[in-house]
Amino acid sequence: MIDEGKLNKFVGQMLGDLGGASSIAMARIGDALGLYKALHSDGPMTCAALASRTKLNERYLREWLSHQAASGYLTYDPAATTFTLPPEQAMVFAIEDSPVYMMGGFDVMAAMLDNQPKVQAAFKIGGGVAWGDQAGCMFCAVARFFRPGYHNNLVPQWLPALDGVVAKLERGAKVADVGCGHGWSTVLMAKAFPKSQFIGYDFHPGSIEDAKAHAAEHNVSGNAKFEVAKAKEVPGRDFDLVTCFDCLHDMGDPAGAAAHVRTMLKPDGTWMVIEPMAGDRLEDNINPVGRLYYAGSTLICVPTSLSQEVGAALGAQAGEAKLREVIGSAGFSSVRRATETPFNMILEARP
Ligand SMILES: C[S@@+](CC[C@H](N)C(=O)[O-])C[C@H]1O[C@@H](n2cnc3c(N)ncnc32)[C@H](O)[C@@H]1O
């Protein structure tokens, strides 16, 4: 027996979901063509004014603006025929340093769609899809998605939540950022703590090239270096701090990486592990954050780990208990959740 009320409610949810999916391409057009930024700096605007300001085709713009208004991304004033990007929406679409800037999320969704054929094939034949073989610019999309969180939290919140680390960084410490990707976390720390030396390591050569370019752009090449290395083979020793941002669960052998990190640290050093927020059980993660992360995990994280030796495939929703088990297996004497945001948990492990 079909319950009409439940059916209507679910179809309503699907309308919302499909509407969100339709926004992936539309929001990325707004970003790539500078439409959100133009509306933010010069709005409210009519379609004709936006066309003249951006030198873009007015007919296409009218359709795009109408979609944005129907999505609640812009507001529309029928009397003046103007479109406005409200300040709250500007924080999501136009202001790159805002804590809720989400354009990177739209890029990740597009890259996940690109990844579908390779990952879908792996469902049948097993095995992974190597990070370097993933879609288009998965690497740039992921870096862009995480950057606002790091920009707003890393220096003001996360590092101060660790025991004694900021004082060491201010005096001059040696830091390894393992699995650094495009190096935004490394660059932010190098900027904030000019007396400390930072080395970002990642096994993906293309990402290391991008990280070097970001360091040069931000004038921190003097104290932020980057090298290609697998987590288990990072060459340095005597680090005061080792960081792993959103990457431990992507590694094939996170327990092996944990054991190696322990050998890299000074006896009084610290390992900061930033992982996606998650409860320990599926039933704890049946919520909007869990929904997004399980999709990312299926299409990005699990295939990345399964393509490597061991193939532990912790998944992006591993949860604190599992992460503690992995870290604890390397003999760290203490592991604690130092702080958290709605998207991340920050764990502190001591040798
Ligand atoms: C989700 S990305 C996060 C990148 C970066 N830390 C950030 O937060 O933007 C995961 C990163 O882990 C790296 N990675 C995965 N397995 C690795 C391994 N075994 N050794 C070194 N890097 C690894 C990937 O190349 C990728 O850059």
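# Sheet, ligand site and loop

Visitor: In strand 5 of this model, which residue is the bridge partner of V178?
Guide: The model is a predicted one, and in it strand 4 covers residues 174–178, while strand 5 covers residues 197–202. These two strands run parallel and are joined by 5 bridges. In strand 5, the residue that bridges to V178 is Y201.

Visitor: Are the residues of strand 5 mostly buried or exposed, and how many of them are buried?
Guide: A residue counts as buried when its relative accessible area is under 20%. By that criterion strand 5 is mostly covered, and of its 6 residues the number buried is 5.

Visitor: Which strands stand at the edges of the open sheet, each with a single partner strand?
Guide: The open sheet is formed by 7 strands with mixed pairing, and their order is 6-5-4-7-8-10-9. The two edge strands each have a single partner, so one side of each is left without a neighbour in the sheet; they are strand 6 (224–228) and strand 9 (334–340).

Visitor: What is the average twist from one strand to the next in this sheet?
Guide: The value belongs to the open sheet of 7 strands, ordered 6-5-4-7-8-10-9. From one strand to the next, the twist averages 20°.

Visitor: What angle does the direction of helix 10 make with that of strand 6?
Guide: Strand 4 is joined to strand 7 (residues 239–245) as well, by 3 bridges in a parallel arrangement, and A176 has V242 as its bridge partner in strand 7. Helix 10, residues 205–217, packs on the sheet and touches strand 5 and strand 6. The angle between the direction of this helix and that of strand 6 is about 170°.

Visitor: In strand 10, which residue is the bridge partner of T339?
Guide: Strand 9 and strand 10 are joined by a hairpin through 3 residues, and they pair in the antiparallel sense over 6 bridges. Helix 13 (residues 320–328) lies across strand 8, strand 9 and strand 10, at about 25° to strand 10. Within strand 10, the bridge partner of T339 is I346.

Visitor: What percentage of the ligand's accessible area does the protein cover?
Guide: The ligand is surrounded by 19 residues, and the closest are Y150, G179, D202, A231 and F245. Ligand oxygen atoms lie 2.5 Å from an N or O atom in the side chain of Y150 and 2.6 Å from one in the side chain of D202, while a ligand nitrogen atom is 2.9 Å from an N or O atom in the side chain of Q308. Of the 590 Å² of accessible area that the ligand has on its own, the protein covers 94%.

Visitor: Which residue's backbone nitrogen does the side chain of S297 reach?
Guide: S297 sits in helix 12 (residues 288–306), and its relative accessible area of 5% is why it counts as buried. Leaving aside neighbours within four places in sequence, S297 is in contact with V302, P303, G315 and A316. The backbone nitrogen that the S297 side chain reaches, at 2.9 Å, is that of A316.

Visitor: Which residue has its backbone oxygen 3.0 Å from a polar atom of the side chain of Q317?
Guide: Q317 lies in the loop between helix 12 and helix 13, yet it is buried, with a relative accessible area of 8%. Not counting residues up to four places away in sequence, Q317 touches several residues, including P276, M277, N285 and Y294. The backbone oxygen lying 3.0 Å from a polar atom of the Q317 side chain belongs to M277.

Visitor: Is V310 buried or exposed, and at what relative accessibility?
Guide: V310 is in the loop between helix 12 and helix 13, and its phi is near 75°, a positive value in a residue other than glycine. Exposed means over 50% relative accessible area. V310 therefore counts as exposed, its relative accessibility being 61%.

Visitor: What is the phi of A313?
Guide: A313 is found in the loop between helix 12 and helix 13 and is partly exposed, with a relative accessible area of 22%. Most residues other than glycine have a negative phi. A313 has a positive phi, near 45°.

Visitor: What is omega for the cis peptide bond that joins G43 and P44?
Guide: P44 is placed in the loop between helix 2 (35–42) and strand 1 (45–46). Most peptide bonds are trans. The bond joining G43 and P44 is cis, with omega about -5°.

Definitions and conventions
Residues are numbered from 1 along each chain as its sequence is written. This is a predicted model: local features need pLDDT of at least 70, side-chain atom pairs count only at pLDDT 80 or more; totals for chains, interfaces and linings use all residues. Side-chain values use heavy atoms; hydrogens and water are left out. Two strands pair if DSSP finds at least two bridges between them. Helices (H or I, at least four residues) and strands (E, at least two) are DSSP runs, numbered from the N terminus. Axes are lines fitted to C-alpha atoms, for helices over the stretch in contact, and angles run from 0 to 180 degrees between N-to-C directions. Contact means heavy atoms within 4.5 Å. A residue is near a molecule or strand if one of its heavy atoms lies within 4 Å of it. A polar contact is a pair of N or O atoms within 3.5 Å; within protein, one must be able to donate a hydrogen and the other to accept it, and residues adjacent in sequence count only if both atoms are side-chain atoms. Accessible areas come from the Shrake-Rupley method with a 1.4 Å probe; for residues, only the protein chains shown count as cover. Buried means under 20% relative accessible area, exposed over 50%, partly exposed in between (1.4 Å probe, protein chains only).
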